[in-house]
Structure formats: structure tokens, C-alpha cells
Amino acid sequence: MPGIISKHDGNELDTVSDAVDDVNVLKAKVWDSQSEFDSTKDKTTFRQYETACDRVKNFYKEQHEKQTVEFNIKARADFNSRTRARMGIWQAMEMLDTLVDESDPDTSLTQIEHLLQTAEAIRRDGKPDWMQVTGLIHDLGKLLHFFGSQGQWDVVGDTFIVGCAFSDKNIYPETFSSNPDFHDPVYSTKCGIYEPNCGLDNVMVSWGHDEYLYHVVKGQSSLPDEALAMIRYHSFYPWHREGAYTHLMNEKDKKALEATRAFNPYDLYSKDDEPCNAEKLRPYYEDLIAKFFPPEIDW
């Protein structure tokens, strides 16, 4: 009866409470559990840049020559000066249907296919809905290609830090020698214009779709910090895969690195030449999008 507690109830309630706490911990950490969808993938076939086609090699040569401090300052000023479009997330995805990433040696499918493949891999592994949405939108910054970019070199490809020495852990590091900053007496030093352990929020990661989308969504969505890190740093391979630029990290960046590494398998190993059925998947993902975004946002 209500109000009557047996001598056993206290221990039982403690046990139940502990079990609930355990479940909540598991639910909170499920996003960073080991990926399972890729367990049978031959991962040695991905990111094979030494045997990549000329399209990929030429792209990186141009990118490494043109991503300078001067360009990055101007790109950020341009971003803050105007709104390029106003539209919903799915409409933005459809805009990418004509884009093939020149920097990617692993797929020739359009970007909407890559977005759906990434999100579906995250979904299959039972990751939370915010991470599924992150997978769905993570490359939407490539809309820059349609918004007045100078080519693909300022939109796609691996990212790196400008304003300090270019790491030899970047792809094709020898191609940076034609970048004016490579010979600058300040920009060519280990820390360059930055202070040790200043934090990645205080450096310029080369401008492209990661930085652009991060700045677009951080104030127009309810995505958690982990999702924002996944968006901002998923192409920052010299950092999250090769361990470069750690001398500029602070404590906050350690959590961002954990999130980015948890996301990376879904971005990289979900690439497949078998397309997804976009129209069949659309209702499911539009419901998820509505949890984190208004119907339209500024781009």
C-alpha cells in the first residue's frame, strides 16, 4: 500500500537507481562507441593518395599553393559580409546533386549520395539522432562551390592550419613549397602567428566547407558541441589521424578530437558505389532535421 515501505525496499530502490544511472551513462556515450558497420571493410583501399588519379593530385597542388593567410582572412570577412541563400536542409542537399568532389579518391558519386551513405551507416550502428543528422549534413558546406568560390580548392579536400609551418603530415607536403607563406619568416615557424596551446578556436584552419558549415549551423541549430566538432574538423586529417598541430591544442580540443575520431569511420568507410534511395529515406531524415533546425536557415 502507498506509504508502507518494507525493509527490503531501500536496497531494491538503490539497485534500480544504480541501474538507471548505468543506462543513462551508456546512452550518453553511445555516440563514441566503436563503429561496427565497417567491420568487414578492407580499410587499406581508402585514402590511397600515392596511387590517386591526376585529378586528385592536381587538386591538392592547387589547394596547397593558394590557401594562404591573406586568402583565409579575406574568406572569413566575405562570409561575415553577406547571406548567400535562405533554404532548408533537404533543399541544400539537393543542390549538391551535381557536385563530384575532385579531392576524393574513394568515390565518384554525387555528394547527396555520400551524405545519405554516411547518415545510414551511423543509423545502422544505433548512434543517436543528432549524430545521424550530423552525418547527413556534414558536407553541406560544399555549397560554397555554388556561392562564388574560386574553384574547388577553397571548398573541398583535407584541411590544415595556415599562419604557421605546414606540417609534413599533410597529403603531398612537398607541394606547399609554392605557397608564399612557406617562405615567410613568421608563417613558416612552428607556432607562427599563434601561441602554444592557444586552442583551435583561435587559429585559422584552411577555409573550405568544414569551416563554412560550422559557422552556418552553430547559431542556427540545437546540435551539441560534439556535432559541431565533427562538422568543423572532419576533413582535418593531419590533426585527427596523423597527430599534427597538437602543440596548438587546449583542453577543449581534446574533447573535439574524441568526437571527430568517433565520426571519421562513418565519413570515410561508408563510401560505396551503390547509391541510396533518397526519396525513400527522405521522410525519416526530414523528421530528424526538424528536431534540430528551423524550416529554413541562412547560408
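Modeller: Contact here means heavy atoms within 4.5 Å. The model is predicted.

Biologist: By that rule, which residues is histidine 209 in contact with, leaving aside its neighbours within four places in sequence?

Modeller: They are His138, Asp139, Gly141, Lys142, Leu144, Val155, Val156, His234 and Ser235.

Biologist: Why is histidine 209 called buried?

Modeller: Buried means under 20% relative accessible area. Histidine 209 has 3% relative accessibility, so histidine 209 counts as buried.

Biologist: Where in the fold is histidine 209 found?

Modeller: Histidine 209 belongs to helix α7, which covers residues 209-217.

Biologist: What makes the pairing of histidine 209 with aspartate 210 a polar contact?

Modeller: The cut-off for a pair of N or O atoms is within 3.5 Å, and residues adjacent in sequence count only if both atoms are side-chain atoms. Here the two side chains make the contact, at 2.9 Å, so the pair meets both conditions.

Biologist: Which residues does the UniProt annotation "binding site" cover?

Modeller: The unreviewed UniProt entry lists His114, His138, Asp139, His209, His234 and Asp267 under that name. From this set, His209 is part of the lining of the second largest cavity.

Biologist: Is histidine 234 buried or exposed?

Modeller: The value for histidine 234 is 3% relative accessibility, and the limit for buried is under 20%; therefore histidine 234 counts as buried. Histidine 234 lies in the loop between α8 (225-233) and α9 (237-240).

Biologist: What does histidine 234 touch, not counting residues up to four places away in sequence?

Modeller: Among them are His138, Asp139, His209 and Asp267. With aspartate 139, the side chain of histidine 234 also forms a polar contact of 2.9 Å.

Key:
Residues are numbered from 1 along each chain as its sequence is written. This is a predicted model: local features need pLDDT of at least 70, side-chain atom pairs count only at pLDDT 80 or more; totals for chains, interfaces and linings use all residues. Side-chain values use heavy atoms; hydrogens and water are left out. UniProt positions are given in the numbering used here, feature names are shortened, and annotations may be inferred rather than shown by experiment. On a 1 Å grid over the protein atoms alone, a cavity is a set of points where a 1.4 Å probe fits but cannot get out, and a pocket is an open set with protein on both sides within 12 Å along at least five of seven lines; lining residues have an atom within 4 Å of a point. Helices (H or I, at least four residues) and strands (E, at least two) are DSSP runs, numbered from the N terminus. Buried means under 20% relative accessible area, exposed over 50%, partly exposed in between (1.4 Å probe, protein chains only). A polar contact is a pair of N or O atoms within 3.5 Å; within protein, one must be able to donate a hydrogen and the other to accept it, and residues adjacent in sequence count only if both atoms are side-chain atoms.
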